[in-house]
Amino acid sequence: MFQNLLRLFCFVLAPLYLLCVCLFFTISETDDVATKSVQHLSPRAATVFNRKPATPRTEYIRNIMAESGQAPSFDKPRLVVNKVLARAQQESAGGIFRRCIGRSELKFLDPFLMFVDFSLTPPSGFPDHPHRGFETVTYMLQGGLIHQDFAGNKGTIRTGDVQWMTAGRGIIHSEMPAGEGPSKGFQLWINLASKDKMTEPSYQELLTEEIKRAEEDGVEVRVIAGESMGVRSSVYTRTPTMYLDFTLNPGAQVHQKIPELWNSFAYVIEGEGVFGSSSSSPVAPHNLLVLGPGDGVSVWNRASKKLRFVLIGGQPHNEAVAQYGPFVMNTQAEISRAIEDYQYFKNGFELARSWRSQ
């Protein structure tokens with residue numbers, strides 16, 4: 001009995017099993033070939049074969065990310081690694097200041113020495129004072145600021161205007177509000193590399209109508225320095241820098257590239273925005289957000305009002321920093337020399353001997 005069953009399996013069932021296996025793999029291989037062929041067909045031709053055009057895996061992932069509100073634009077998206085609330089304070093100059101960089105929580109973000117949101121009303125302001133070793137960038141949001149220096153330069157920057165001043169080896173100037181109402185804006189201090197600290201002082205001034213801008217899909221950007229949305233600023237930056245003023249309508253989003261080795265931050269002016277990750281909590285005005293490493297940042301406006309913020313980034317110098325008030329050098333010996341030069345009107349401060357602002 002057992003021998004009969006064995007003969008049945010060997011001569012009948014086993015060959016049938018092998019035949020079925022061969023047919024299965026032959027059909028599967030034919031189906032794969034047909035599928036690969038259809039993948040290269042147009043949507044119309046694919047419909048003839050009763051198949052949907054195949055979606056490449058990368059494109060499939062990209063579509064899922066777009067539907068979920070995530071940005072597929074960057075290999076390494078920058079996330080928020082620190083948040084600093086800039087509280088209003090009245091300082092010695094008599095104005096109201098929200099200091100973001102240059103305070104105990106965030107003393108320095110190479111190459112940025114200071115970032116302050118200011119509001120000045122006469123008679124407050126910044127009377128005659130010196131600088132050496134860095135640049136100041138003043139961006140007016142409201143009102144005006146009258147500038148004078150010991151080289152005879154004088155002018156007024158008003159709402160939307162920018163003054164990019166390279167103090168270099170030394171300058172003495174004053175900055176006082178123009179008109180009766182409040183003068184509001186930002187001042188950013190950018191450190192200079194050691195090789196540039198003793199360069200001659202210079203200015204770049206941009207009127208609001210001269211600042212390049214772009215607008216697309218509910219996003220508007222004013223390009224003060226750097227590049228965004230295909231528009232590049234004409235400002236020359238000794239320290240490679242980007243300075244962008246974004247406005248996003250409700251529901252809009254922006255994905256801005258940032259050089260991977262740069263440090264960067266955002267500061268919310270008005271509205272609320274989601275920064276870095278689509279799952280992050282919205283950030284309110286007067287918060288400065290330090291961004292971590294990566295090649296770009298994404299921002300979403302999910303509120304019912306417009307979102308406005310500045311995005312600023314720069315190439316770090318990775319050098320020692322020695323600072324004493326308005327003097328920023330690399331060593332304490334250089335700071336002592338700067339103070340001496342200022343006190344004795346030499347090495348860049350010669351014109352200070354007989355100058356006073358009017």
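Predicted model: local features only at pLDDT ≥ 70, side-chain atom pairs only at ≥ 80, totals over all residues.
Local features were considered at pLDDT of at least 70 and side-chain atom pairs only at pLDDT 80 or more, while totals for chains, interfaces and linings use all residues. Residues are numbered from 1 along each chain as its sequence is written, and side-chain values use heavy atoms, with hydrogens and water left out.

A nonpolar core is taken as a set of buried Ala, Val, Leu, Ile, Met, Phe, Trp, Tyr and Cys residues joined through side-chain atoms within 4.5 Å; buried denotes under 20% relative accessible area, exposed over 50%, and partly exposed the range in between (1.4 Å probe, protein chains only). The largest such core comprises 28 residues, and Phe-115, Leu-188, Tyr-243, Phe-265 and Leu-288 have the most contacts inside it. Another core, apart from it, contains 24 residues, including Val-219, Phe-246, Leu-307 and Phe-309.

The structure holds 13 aromatic pairs, defined for rings of Phe, Tyr and Trp (its six-membered ring) with centres within 6.5 Å; planes under 30 degrees apart are stacked, over 60 edge-to-face, and the rest tilted. Phe-115 and Phe-186 form a tilted pair, at 5.2 Å centre to centre and 45 degrees between the planes. Because Phe-115 belongs to strand β4 (residues 112-120) and Phe-186 to strand β11 (residues 183-191), this pair ties together parts that are 71 residues apart in sequence. Strands (E, at least two residues) and helices (H or I, at least four) are DSSP runs numbered from the N terminus. Both Phe-115 and Phe-186 are buried. Phe-275 and Phe-309 form an edge-to-face pair, at 5.2 Å and 80 degrees, and both are likewise buried. Ring pairs also link Phe-112, Phe-115, Phe-186, Phe-265 and Tyr-267 into a cluster.

An open antiparallel sheet is formed by four strands in the order β5-β10-β7-β8, pairing being assigned where DSSP finds at least two bridges between two strands. Strands β5 (126-131) and β8 (154-158) stand at the edges with a single partner each, so one side of each has no neighbour in the sheet. Strand β7 (residues 144-149) pairs with β8 over five bridges, and Gln-148 stands opposite Lys-154 in β8.

Most residues other than glycine have a negative phi, and most peptide bonds are trans. Cis peptide bonds join Asp-110 to Pro-111, with omega about 10 degrees, and Pro-122 to Pro-123, with omega near 10 degrees. Pro-111 lies in the loop between β3 (96-101) and β4. Met-229, although not a glycine, has a positive phi of about 50 degrees; Met-229 is partly exposed, at 31% relative accessible area.
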